[in-house]
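Q: I'd like to learn how to read a few features off a structure. Can we go through one together?

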Amino acid sequence: MSLGETCLLPRWWTAQRWHELNTGVCDEQSIEDFEKNLNNNLYKIWNRMSSGSYFPKPVKAVAIPKKNSGTRILGIPTVEDRITQMVAKIYFEPKVESIFYEDSYGYRPNKSAIQAIEKTRTRCWRKDWVLEFDIKGLFDNIRHDYLMELVKRHTEEKWIILYIERWLTAPFQMEDGELILRTAGTPQGGVISPVLANLFLHYTFDDFMVKQFPTIPWERYADDGVTYCTSLKQAKYLQRRLEERFKQCGVELNLEKTKIVYCKDDDRKGNYENISFDFLGYVFRPRHSSSKYGKFFTNFLPAISEKVKKAICKEVRSWKLQLKVDKDIWDISKMFNKKIQEMKT
């Protein structure tokens, strides 16, 4: 992972927008400035980390628009803090990766959103009901005391524990320069945040489902999740239990984005209000299909959502391909393949 990458940026962001945020962070140091004196800067970081005297700088708070409405706050650490977080992540992530379940897909090595979509597609054929949920403000509300208990459960390295605690409590620096103390949450934008969020949700949701509801399949991608039920009654009961569970752990369901859906198709012809749901930029709903023998029928399938489609079209239009008539197909591929890969992840 490069110094400029982060695991918790929205999937629809462009590389250019992330590059803009890399300048003007709290210490006014860009990645390019840091690399001009790379060896000396890395030595200073190593010296301070090894002596326990490294203290993170305030995290730059940046408000970005949500897809639907409103804004969310990204916490952008300085370049130095991103490097130190990456060091801790390299040591800490393998310790917890071994306990994570197969159906946890968000921000994990060799896992992707499209794998979660494929699993969701096949499970919707087998179960009649889906409970699709979203956790409200997960990255703002994770309890520090609970999270640190989990960290200590999986590592005895005192330096990892020390620095994770310091990163969690580093204040936000607002656009006007005001410093805001943080008593909960892990900044959405930090390199270490994906691992910490997955650790928290492993015990809050994943492990809870495996032990309390072993017959109910599920997938989770960060704070978005899907569960599969055999009846409406079971789905309603599961939603109540999850509301109780999340409150017990200091977070709560986003009831505006949580809903119970009937997977209607040719074999499931009941009439219910909700017969579609959104998950990771795809809309699952009844769609016309045809078999290999040419027979038409209704199937419950995913397809890219209109909002994501419009965002992709807007991004592609910004490339102004029509003005690059002097380039051949190989030049075009070199220019845009990386951006296309970024949009797919």
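A: Strands of a sheet pair through backbone hydrogen bonds, either parallel or antiparallel. Here an open sheet is formed by four strands, ordered β2-β1-β4-β5, with mixed pairing. At its edges are β2 (71–76) and β5 (179–180), each pairing on one side only. Two strands pair if DSSP finds at least two bridges between them; strands (E, at least two residues) and helices (H or I, at least four) are DSSP runs, numbered from the N terminus.

Q: Before we go on, what kind of model is this?
A: This is a predicted model: local features need pLDDT of at least 70, side-chain atom pairs count only at pLDDT 80 or more, and totals for chains, interfaces and linings use all residues. Residues are numbered from 1 along each chain as its sequence is written, and side-chain values use heavy atoms, with hydrogens and water left out.

Q: Back to the sheet: over how many bridges do β1 and β2 pair?
A: Six: strand β1 (residues 59–65) runs antiparallel to β2. To find your place in the pairing, take Ala-63, whose bridge partner in β2 is Ile-73.

Q: Which strands pair with β7?
A: Strand β3 (residues 129–136) is one of them, antiparallel to β7 over six bridges. Within that pairing, Glu-132 has Val-226 of β7 as its bridge partner. β6 and β7 make a hairpin with two residues between them, and Ala-222 in the turn has a positive phi of about 55°.

Q: Is β7 mostly covered or exposed?
A: Start with the cut-offs: buried means under 20% relative accessible area, exposed over 50%, and partly exposed in between (1.4 Å probe, protein chains only). Strand β7 (residues 224–229) is mostly covered, with six of its six residues buried. Asp-224, Val-226 and Tyr-228 lie on one side, Gly-225, Thr-227 and Cys-229 on the other, and both faces are covered.

Q: How many disulfides are there?
A: A disulfide is a covalent bond between the sulfur atoms of two cysteines. The rule used is a pair of cysteine sulfur atoms within 2.5 Å, and by that rule the count is zero. Cys-229 is in no disulfide, and the nearest cysteine sulfur, that of Cys-263, is 10.0 Å away. Cys-229 is buried, at a relative accessible area of 0%, while Cys-313 is partly exposed at 35%.

Q: How do I read a helix pair: at what angle do α7 and α9 pack?
A: Axes are lines fitted to C-alpha atoms, for helices over the stretch in contact, and angles run from 0 to 180 degrees between N-to-C directions. Helix α7 (residues 144–154) packs on helix α9 (residues 193–212) at about 95°, with the axes 10 Å apart. Angles under 35 degrees count as roughly parallel, over 145 as roughly antiparallel, 65 to 115 as roughly perpendicular and the rest as oblique, so α7 and α9 are roughly perpendicular.

Q: Which residues of α7 and α9 meet?
A: Contact means heavy atoms within 4.5 Å. Tyr-146, Leu-147, Leu-150, Val-151, Arg-153 and His-154 in α7 touch Leu-196, Leu-199, Phe-200, Tyr-203 and Thr-204 in α9.

Q: Last one: is Lys-89 buried or exposed?
A: Lys-89, in helix α4 (residues 79–97), is buried at 9% relative accessibility. Lys-89 sits 7.6 Å from Val-191, C-alpha to C-alpha, although the two are 102 residues apart in sequence.
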